[in-house]
There are 2 protein chains.
Amino acid sequence: MAAKKRSEMMEETRAKLIASARKAFAEQGFAAASMDDLTAEAGLTRGALYHNFGDKRGLLQAVVDQLDTEMAQRAHAIGVRAGSDWDGLLAEGVAYIEMALEPEVQRIVLLDGPAVLGDPSQWPSQNGCLQMTRQTVERLIAQGVVRPIDPEAVARLLNGAALNAALWVAASPDPQDVLAKAVEAFRALAEGLLARRP
Amino acid sequence: MAAKKRSEMMEETRAKLIASARKAFAEQGFAAASMDDLTAEAGLTRGALYHNFGDKRGLLQAVVDQLDTEMAQRAHAIGVRAGSDWDGLLAEGVAYIEMALEPEVQRIVLLDGPAVLGDPSQWPSQNGCLQMTRQTVERLIAQGVVRPIDPEAVARLLNGAALNAALWVAASPDPQDVLAKAVEAFRALAEGLLARRP
DNA sequence: CAACACACATACGCTTCGTATGTCAATTCA
DNA sequence: TGAATTGACATACGAAGCGTATGTGTGTTG
């Protein structure tokens, strides 16, 4: 084999650049990452980068899209396994906290992403986690399990709470202990949404 | 008069630089703000800046400290006016959401701050809002109003929820309407902390 | 009043981004 | 099939910004 079409080659270089960027952005942060070093590690030059992504922000956009898609898939898989929609919502929230502990997610999606690209809900990828949480909340309201509150607002606040919990856990000297506390607080807050106390 | 001591002069230049930086960082973001322009607007040069703050991050640190102190004072003043500690907690949270609507606070303290300086709880200023929320929560737990949950965790999640609510409100085309929804969701979540449903 | 210290300005080098130009292979079409 | 053209990527260039090293004048000290 080894004979590849042009479009396949292009897709491959895009993938290589995104992969290198994920590493560099996660390890050094967006601002500190050099595009010369980035592309060199992928066996390319900045020419390929500007040709494929326009500019540095375009590359970050692509990286964030990829990460966001992966996160949504993982969270969905976890939510589905839960017995009820309510348990699914809690499981998704906890999963989100745990995912936010990974340096890639924290640095790129949660810190540099909003700072460089602006409000996450305006991203092309639409922030998969947010959308999914909102849908779950909508179902729970329809079932009468959750009080009738704006689902988007609820999803926003839950995600925000999870994010800050993750930042806290990640910076703590004893992550396991702090994670448990964060999850407990998260569950307590979420119960405020219920129509009837458990 | 007009005869000023050296230390007074120094304090004045620091204040001028911080004031210019607040404007520049808020309007253009930390990365895009030029230190040449910054200092020129304050009637100085980069020499003064490096002498007083070490580097660009040091200046951001100083700006964040000042903003954080102001925020803590404002939130405290609002919390005190409430009838009970519980109402105070809610009022503080809502005040935090509303403060986060101001470009200065949002851009500098909430977006660029964490991205450039790292986890807010590790900042020298200690994130005044966070500390105050935690103390209020501790009192409420002691009074039996709030369930016994780790106060730090609660404060973290509440602040995180408020932050994301603010980002959402700020990016929306109809801030007033969205703000109302955000506040409603915030109150609902907070009620999950109560020992007894209202 | 002479010598020093310090706050700040000026000058320089290095890195990095974005663009403009060049090159070579793959596709197209007569 | 072979000449022309497109397009993916590399190379070269200019501009801007940060940090540091050095200069300068004023206030302080003995």
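In which helix of chain B does B:Glu104 lie? B:Glu104 belongs to helix α6 of chain B, where helices (H or I, at least four residues) and strands (E, at least two) are DSSP runs, numbered from the N terminus.

## About the model

This is a predicted model, in which local features need pLDDT of at least 70 and side-chain atom pairs count only at pLDDT 80 or more, while totals for chains, interfaces and linings use all residues. Residues are numbered from 1 along each chain as its sequence is written, and chains are lettered from A and ligands numbered from 1 in the order in which they are written.

## Chain A as a whole

Chain A has 9 helices and 0 strands, and its C-alpha trace spans about 60 × 40 × 35 Å along the principal axes. Of its 198 residues, 43% are buried; a residue is buried if 20 or more other C-beta atoms, placed from the backbone, lie within 10 Å of its own, exposed if 12 or fewer, and partly exposed in between.

The domain assignment, which is automatic or comes from a database, divides chain A into domain 1 (1-54) and domain 2 (65-192). The centres of these two domains, taken over C-alpha atoms, are 29 Å apart. Their contact takes 6 residues from domain 1 of chain A and 7 residues from domain 2 of chain A, with two residues in contact if their C-beta atoms, placed from the backbone, lie within 7 Å.

## Helix α5 of chain A

Helix α5 (residues 85-99) of chain A has 15 residues and should span 21 Å at 1.5 Å a residue, which agrees with the 20 Å between its end C-alpha atoms; the expected span is 1.5 Å times one less than the number of residues. Its buried residues include A:Trp86, A:Leu89, A:Tyr96 and A:Ile97. The buried residues of α5(A) pack against α4 (56-81), α6 (103-117), α7 (128-142), α8 (151-171) and α9 (175-191) of chain A.

## The surface near DNA strand D

DNA strand D is surrounded by 21 residues, and the closest are A:Thr13, A:Thr45, A:Gly47, A:Ala48 and B:Met35; a residue is near a strand if its C-beta atom, placed from the backbone, lies within 6 Å of it. At least two residues each come from α1 (6-28) and α3 (46-53) of chain A and from α2 (35-41) and α3 (46-53) of chain B, and α3(A) gives the most, with 5 residues.

By class, this surface near DNA strand D has 6 nonpolar, 7 polar and 8 charged residues. Here Ala, Val, Leu, Ile, Met, Phe, Trp, Tyr, Cys and Pro count as nonpolar, Asp, Glu, Lys and Arg as charged, and the others, Gly among them, as polar.

## How the two chains meet

In the contact between the chains, 36 residues of chain B touch 36 residues of chain A. On the side of chain B that touches chain A, α6 (103-117), α8 (151-171) and α9 (175-191) of chain B each supply at least two residues, and α8(B) gives the most, with 13 residues. The residues of that side divide into 21 nonpolar, 6 polar and 9 charged.

## Around B:Glu104

B:Glu104 counts as partly exposed because it has 16 C-beta neighbours inside 10 Å. Leaving aside neighbours within four places in sequence, B:Glu104 is in contact with B:Arg22, B:Ala26 and B:Leu67.
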